[in-house]
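Here is a model to look through together.

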Amino acid sequence: PPASQNNEQGSTLRDLLTTTAGKLRLGSTDAGIAFAPVYSTGTVSGKSARTMPNILDDIIASVVENKIPPNRAQKINVKSEIKDDPKDDRKCVQDDSSKQYSDIQYSWICDKHVLWLRDHKNNNSWKLFKECWKQGRPVLVSGMHKKMNFSLWKAESISLDFGNQQADILNCKDSIISNTNVKEFWDGFEDVSKRQKIRNGETALLKLKDWPSGEDFKTMMPARYEDLLKSLPLPEYCSPEGKLNLASHLPGFFVRPDLGPRLCSAYGVAATKDHDIGTTNLHIEVSDVVNILVYVGIAKGNGVLSKSGVLKKFEEEDLDDLLRKRLKDSSELPGALWHIYAGKDADKIREFLQKIAKEQGLEVLPEHDPIRDQSWYVNKKLRQRLLEEYGVKTCTVVQFLGDAIILPAGALHQV
């Protein structure tokens with residue numbers, strides 16, 4: 001962010017950097033890196049050369065050596081692309097983008113809160129993505145499945161290769177977890193008659209809990225791991241080796257967030273009587289997330305909605321015109337429904353869910369956090385109340401086969 005123009009002092013990283021302004025230099029890269037790396041200046045064979053130091057040691061040494069009192073800290077005047085008012089920045093991006101990014105196929109959806117990049121092959125898309133990402137808004141990239149080996153991601157293929165593995169399976173209706181053979185899950189993926197039944201004879205809505213994940217994914221499924229990595233959107237940001245994927249380049253002494261990848265597999269709600277439940281309850285991730293829909297199964301059996309019935313359930317949602325148009329495109333295959341909220345609304349949503357819990361006679365403990373505990377799927381009626389009573393609007397996105405949804409850390413979402 002731009003250097004602070006106020007006179008408040010404190011033990012913040014900004015203050016620390018400000019006190020060493022004369023010693024350290026601000027840098028950037030051609031890719032428009034979103035932070036200011038710290039360089040030291042040395043001399044090699046009489047020529048100036050820049051090397052990346054141990055950043056923390058360099059800062060601390062500078063403060064100790066210069067002994068600059070905080071109240072005499074020199075102000076840095078950094079020219080920044082980031083505007084003080086994100087609303088102004090958003091307006092600027094949307095007003096200027098038609099001319100500046102004329103070579104990129106894109107649209108704005110969800111009342112212009114989500115950027116939709118329609119051409120996954122355009123190598124310049126990251127430039128427009130950067131402008132949107134600085135504002136902390138979600139991005140949708142379509143067509144990623146066209147890069148992938150589709151046969152690797154079929155349910156029958158995964159069942160054949162890994163059916164003997166054990167994994168935790170979550171019943172999304174009552175949150176009961178059982179450890180079982182994954183073949184049972186995959187056998188029922190597209191055949192409802194082979195799915196578990198719960199007490200009243202209703203078909204269970206099951207989900208494999210992050211199986212496999214991280215290093216297990218790479219070790220267990222090397223071919224699928226490589227296929228996924230070569231198909232990631234915006235590799236400058238999303239690839240583990242991407243020059244703007246800052247988390248993957250953190251030094252070893254940092255505790256890194258879990259960067260995955262992990263496989264998220266779940267039955268759809270089309271075969272259940274209760275369509276007010278989800279496979280992923282409302283929650284927040286601590287790191288940025290890219291989620292690619294690599295396969296959509298077409299369930300068959302008694303009680304399953306027809307294709308037209310499934311489309312009708314999607315159309316009952318509060319969708320914008322572009323998403324409704326995609327639903328009518330026979331070449332597109334919808335598979336998941338997302339509800340996304342900005343991180344700034346987290347406190348309002350938390351207060352709202354605690355209010356609803358009390359209305360329903362549930363015990364609300366002081367240490368209970370409904371978002372952290374992932375205990376709520378906010379149905380359509382509650383989403384309407386959230387808008388009317390707290391002014392929080394839901395961003396509704398339909399994820400089609402091959403769509404990558406990129407979410408900034410802190411964004412609340414349910415699926």
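Q: Why is strand β13 called largely enclosed by the rest of the structure?
A: Seven of the eight residues of β13 (residues 334-341) are buried, so the strand is largely enclosed by the rest of the structure. Buried means under 20% relative accessible area, exposed over 50%, and partly exposed in between (1.4 Å probe, protein chains only). Strands are DSSP runs of E with at least two residues, helices are runs of H or I with at least four, and both are numbered from the N terminus.

A quick note on the source: this is a predicted model, where local features need pLDDT of at least 70 and side-chain atom pairs count only at pLDDT 80 or more, while totals for chains, interfaces and linings use all residues. Residues are numbered from 1 along each chain as its sequence is written, and side-chain values use heavy atoms, leaving out hydrogens and water.

Q: How do you know that β13 pairs with β14?
A: Pairing requires at least two DSSP bridges between two strands. Six bridges join β13 to β14 (residues 395-400), and the two run antiparallel. W338 has V397 as its bridge partner in β14.

Q: Which residues of helix α5 are called buried?
A: In α5 (residues 155-162), they are A155, S157, I158, S159 and F162. These buried residues pack against α6 (182-187), α7 (214-220) and α8 (222-230).

Definitions and conventions
Contact = heavy atoms within 4.5 Å.
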